[in-house]
Amino acid sequence: MLFRSQERHRFPYQYPTHLQSQVDALPRAAGVYYFHGDGQSVPLYIGKSVNIRTRVMNHLRTPEEARLLVQTRSITHVRTAGDLGAQLLESQQIKALQPLYNKKLRRLQRLCSIALDLAGVRFVYSNESDFSLREGLYGLFGSKIRAVEALRTLADEHSLCYARIGIERTLGGRSCFRSTIGRCAGVCSGKEDGKVHDARLRAALTSIEVAKWPYQGRIAVEERDEGGRQLHVIDRWRYCGSARTLKQARQLTLTDRQFDRDDYHILAKPLISGQLRIKTL
């Protein structure tokens with residue numbers, strides 16, 4: 001949200017007293033908040049917090065956000081039952097509404113992952129129908145170029161063979177160049193067993209492994225606070241929406257099931273570690 005220093009003279013900071021009464025009415029609870037301009041259908045900014053009032057007050061006291069504050073005419077919010085719901089809703093709303101001042105989380109994009117299977121190393125994409133259900137996927141990259149760069153870095157760190165992992169071609173069964181200078185352990189020249197090499201590759205990739213969706217279908221993640229409970233419906237790592245009852249939750253579905261990196265990063269660790277209350281739908 002910071003704007004360029006050369007623009008600051010155009011928007012000198014002054015405490016936005018016109019917003020104070022609205023901030024005073026905000027709850028000290030978790031949720032998502034929206035800054036709206038005058039007559040604009042799209043919010044200027046969307047944020048989330050476990051304490052909406054305190055977080056919005058911080059915005060009002062930040063000189064670097066003077067440009068946003070002078071444009072804001074109203075602030076609205078949506079309560080959630082906790083931080084998880086706030087994170088999921090914020091991510092969904094930013095993608096759906098494309099606010100002017102949100103730079104992150106704005107667009108869904110096709111992601112590329114490194115796949116290991118019987119065919120060796122391949123590259124697969126998040127718009128493939130079975131992406132969330134696959135095992136042996138590593139890394140979530142914005143492009144194949146980024147995936148290849150990551151694979152090359154791992155190969156350099158672990159003396160892996162560029163030819164074996166498919167990022168360099170060799171002619172006539174010759175050893176790869178890196179083998180001749182001691183950067184490859186020699187699987188391409190017979191010095192190392194292929195299974196040993198591939199085991200080292202798999203071990204090197206473990207830190208960026210993408211978890212397979214661990215359920216048969218959709219689930220509801222239960223979250224509670226003093227205001228009640230919410231059921232966050234998740235389908236193959238995608239957030240479908242939140243409901244108050246199981247009946248309402250069962251009605252929430254997504255037509256677009258393309259993998260979402262932000263939803264995955266929000267959900268994967270707490271879900272896999274067993275920190276969340278889960279109800280199957």
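## The sheet

In this predicted model, four strands line up as an open sheet, and their order across it is E5-E4-E6-E7. The pairing is antiparallel.

Cys-112, for instance, stands opposite Tyr-125 in E5.

## Helices on the sheet

Helix H5 (residues 144-158) packs on the sheet, where it touches E4, E5 and strand E6 (137-141). The direction of H5 makes about 150° with that of E5.

Then there's helix H7 (residues 194-205), which lies across E4, E5, E6 and E7. H7 runs at about 145° to E4.

## A look at helix H4

Helix H4 covers residues 83-97, so count 15 residues here. From first C-alpha to last, H4 reaches 21 Å, close to the 21 Å expected at 1.5 Å a residue. Which residues in H4 are buried? Among them are Leu-84, Ala-86, Leu-88, Leu-89 and Ile-94, along with Glu-90 and Lys-95. Just after H4 comes Gln-98, with a positive phi of about 55°.

## H4 meets H9

Two packed helices are described by the angle between their axes and the distance between the axes. For H4 and helix H9 (residues 261-272), the angle is about 175° and the axes are 10 Å apart. An angle over 145 degrees counts as roughly antiparallel, and therefore H4 and H9 are roughly antiparallel to each other.

Who touches whom? Leu-84, Gln-87, Leu-88, Ser-91 and Lys-95 in H4 meet Asp-262, Asp-263, Ile-266 and Leu-267 in H9. By class, that contact has four nonpolar, two polar and three charged residues.

Conventions
Residues numbered from 1 in each chain as written. Predicted model: local features only at pLDDT ≥ 70, side-chain atom pairs only at ≥ 80, totals over all residues. Heavy atoms only, no water. Pairing = 2+ DSSP bridges. Helix = DSSP H or I, 4+ residues; strand = E, 2+ residues; numbered from the N terminus. Contact = heavy atoms within 4.5 Å. Axes fitted to C-alpha atoms, helices over the stretch in contact; angles between N-to-C directions. Expected span 1.5 Å × (residues − 1). Buried < 20%, exposed > 50% of the residue type's maximum accessible area, 1.4 Å probe, protein only. Parallel < 35°, antiparallel > 145°, perpendicular 65-115°, else oblique. Nonpolar A, V, L, I, M, F, W, Y, C, P; charged D, E, K, R; others polar.
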